[in-house]
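Hi everyone, thanks for coming. Let me put the model up on the screen, and then we can walk through a few spots together.

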Amino acid sequence: MKKIILKFMLAITLPFLALPILAQDVNSTDSGLIINGGLGYGATTFGIIPDSTDEGDLGTGPGGALFLGAMFNYSIISFGVNYARASFNDMEWKETISGTEHEFKSYGDGNFSTWTFLLGIKAFTEAGDMGYTNIYGGYRFWNAKRTIDYQTLDSIKVPNSDSEYELSGKGWIIGFKDLSTFPLGLFSLALQTGLWYANTPVNTLKANGVKADITKDQTAGFGFDIGAGLAFEDIGLSVIAGLTMDLTASTFKEAGNDNVAGAGYAEFYINVAKEFAF
């Protein structure tokens, strides 16, 4: 957690060091740069459901998150990179075995992380106004690691239930992000929305360090972002609080069987962004 806080503090401090150099009004030149950093807390999810006639859920539990990003634009063309990392803790889920529902709980840690590289269009901008709409497509890499110290079944500890899992995948993503501002005098009201869809099938699965022989099948990933806050447009600074969700789920074949794996998060967050024009 200390490393995450230090990264966040660095992300929101560096922009201010450049204030004397980059002092032009936002969206008033051909080139611009937005950098942002945020912290969140909410729910995370992870799970692997093997092929069987039984039914199961992905495990869910509390967890924090770190968000970092940057977007550069030249005229209306934008280039972006985003990084997110959500932490796994203890998780619970229900599973139906031979017609009887059972409650499971796993005790451990881990994380779900994504790297996203984007190319898009930054539209609907005005000089001195931080508002914009970014429509984009790109490529995403994701990784999920889960270390389980032990599990319980209906509150009874399961012997020899410690294990380690690692999933990773990659593929394309499309979406949009919109920031709208409404002047209120010394500052502006800022409303932020976003929506995306990703096709990033799982392509690697490791269990206790052993790589499984799997074949990619179907996948679906989606997410949204909605928030509100304050924008100080004279200096290109915004502080926004909101809710974001990002989930990915895939089916894959192993030894001829169909399996399901998924990971993601839903986090309440606070985000600080600084916009430059040059």
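Let's begin with Asn134, which counts as buried because its relative accessibility is 6%, under the 20% cut-off. Please keep in mind that this is a predicted model. You'll find Asn134 in strand E7, which covers residues 132-153.

So what does the side chain of Asn134 join through a polar contact? That partner is the side chain of Ser78, at 3.0 Å. A polar atom of the Asn134 side chain also lies 3.1 Å from the backbone oxygen of Ile121. Leaving out residues up to four places away in sequence, Asn134 touches Met71, Ser78, Gly120, Ile121, Lys122, Gly175, Phe176 and Lys177.

Now let's follow Ile121. This residue sits in strand E6, and Ile121 is partly exposed, with a relative accessible area of 40%. Ile121 also belongs to a nonpolar surface patch of about 730 Å², together with Phe72, Tyr74, Ile76, Ile77, Phe79, Leu119 and Phe278. Which strands each supply at least two residues of that patch? They are E3 (59-74), E4 (77-88) and E6 (100-123).

Definitions and conventions
Residues numbered from 1 in each chain as written. Predicted model: local features only at pLDDT ≥ 70, side-chain atom pairs only at ≥ 80, totals over all residues. Heavy atoms only, no water. Patch = residues over 30% accessible without salt bridge, like charges linked within 9 Å, V, L, I, M, F, W, Y side chains within 5 Å. Areas by Shrake-Rupley, 256 points an atom, 1.4 Å probe, with all protein chains shown as cover. Salt bridge = Lys/Arg side-chain N within 4 Å of Asp/Glu carboxyl O. Helix = DSSP H or I, 4+ residues; strand = E, 2+ residues; numbered from the N terminus. Buried < 20%, exposed > 50% of the residue type's maximum accessible area, 1.4 Å probe, protein only. Polar contact = N/O pair within 3.5 Å; in protein donor to acceptor, adjacent residues only side chain to side chain. Contact = heavy atoms within 4.5 Å.
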